[in-house]
Amino acid sequence: LRTWFSRALARGYPVVPRMQQIFRDEGVPPSLVYLAIVESAFNPGAVSRAKAVGMWQFIAGTGKRYGLQIDFWEDQRRDPELSARASARYLKDLYALFGDWPLALASYNCGEARILRYKAKNPKGDFWTLRKTRILRRETREYVPAIFAAILIASNPSAYGFEALPADPPEPTPPEDFTAVDENLPTDFKCPKCGYAWSGKAS
């Protein structure tokens with residue numbers, strides 16, 4: 001996965017500092033922004049088989065619960081900043097529920113109900129004990145260790161044989177030609193590069 005991970009690091013590089021600040025503001029360890037490597041490789045357009053969307057892979061119900069607008073006109077799960085704040089708040093609530101980050105991360109992947117059932121029967125049980133059971137799917141059993149690995153590598157890429165990211169953000173790319181539209185009118189958009197057409201209300 002070296003090539004895949006390198007691309008994920010490069011894709012996330014421009015937005016990670018802002019996401020870390022959002023996590024700090026919400027009282028969540030900023031290193032947990034690298035959860036997005038495991039979830040989506042920092043791809044805001046990612047869509048899973050379960051129809052989870054965005055860098056933080058929110059399903060519609062959870063996204064709406066944490067204040068994201070998801071409708072015909074707009075899907076804020078694709079907004080890096082808004083979805084990062086929703087993710088931080090969700091993680092904070094999961095930690096408050098379980099008092100343990102590995103269990104909070106596991107429940108981010110598989111849902112709170114499964115972890116709550118386990119804790120009801122095993123009040124002192126932790127993720128590493130739970131991981132040895134058949135309660136969790138293989139995906140979740142591997143999910144938490146993968147996040148810890150992503151944090152270690154992304155925090156010091158060169159130490160693990162990955163090309164270090166630049167110390168300073170790259171210079172912004174000059175904007176391409178654009179057209180102003182009346183945001184109060186229905187507007188059709190078509191990408192000049194790929195031809196993708198989208199029809200809806202401008203925002």
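## Close-up views of a predicted model

**Salt bridges across the chain.** Six salt bridges are counted in this predicted model, a salt bridge being a side-chain nitrogen of Lys or Arg within 4 Å of a carboxyl oxygen of Asp or Glu. Side chains of opposite charge can pair when their charged atoms come close. Because the model is predicted, local features need pLDDT of at least 70 and side-chain atom pairs count only at pLDDT 80 or more, whereas totals for chains, interfaces and linings use all residues. Residues are numbered from 1 along each chain as its sequence is written, and side-chain values use heavy atoms, with hydrogens and water left out.

**View 1. The salt bridge between arginine 89 and glutamate 26.** The closest N and O atoms of arginine 89 and glutamate 26 are 3.3 Å apart. Arginine 89 belongs to helix α5 (residues 80-98) and glutamate 26 to the loop between α2 (16-25) and α3 (35-40), so the pair ties together parts that are 63 residues apart in sequence; helices (H or I, at least four residues) and strands (E, at least two) are DSSP runs, numbered from the N terminus. Glutamate 26 is buried, with a relative accessible area of 11%, while arginine 89 is partly exposed at 39%; buried means under 20% relative accessible area, exposed over 50%, and partly exposed in between (1.4 Å probe, protein chains only). Glu26, Arg85 and Arg89 are linked in a network of salt bridges.

**View 2. Two further salt bridges.** Aspartate 75 pairs with arginine 77, the closest N and O atoms being 2.8 Å apart, and arginine 77 counts as buried at 7% relative accessibility. Glutamate 142 and arginine 138 form another salt bridge, at 2.9 Å from N to O. Both glutamate 142 and arginine 138 lie in helix α9 (residues 138-155), four residues apart, which is about one turn of the helix. An α-helix has 3.6 residues a turn, so residues three or four places apart point the same way. Glutamate 142 is partly exposed, with a relative accessible area of 41%, and arginine 138 counts as exposed at 57%.

**View 3. The buried side of α2.** Val16, Met19, Gln20, Ile22 and Phe23 are buried in α2. They cover an arc of only 155° around the axis, which puts them on the same side of α2, the arc being that of the directions from the helix axis to the C-beta atoms. The buried residues of α2 pack against α1 (2-12) and α5. After α2 comes glycine 27, whose phi is positive, near 80°.

**View 4. The largest pocket.** About 940 Å³ of space lies in the largest pocket. On a 1 Å grid over the protein atoms alone, a pocket is an open set of points where a 1.4 Å probe fits, with protein on both sides within 12 Å along at least five of seven lines, and lining residues have an atom within 4 Å of a point. Grid points are joined across faces, edges and corners, and the volume is the space filled by probe spheres set on the points. The lining of the largest pocket holds 34 residues, of which Glu39, Gln57, Asn109, Glu139 and Tyr143 lie nearest its centre. The elements that give two or more residues to this lining are α1, α3, α4 (60-65), α6 (101-110) and α9, and α9 gives the most, with seven residues.

How values were computed. Contact = heavy atoms within 4.5 Å.
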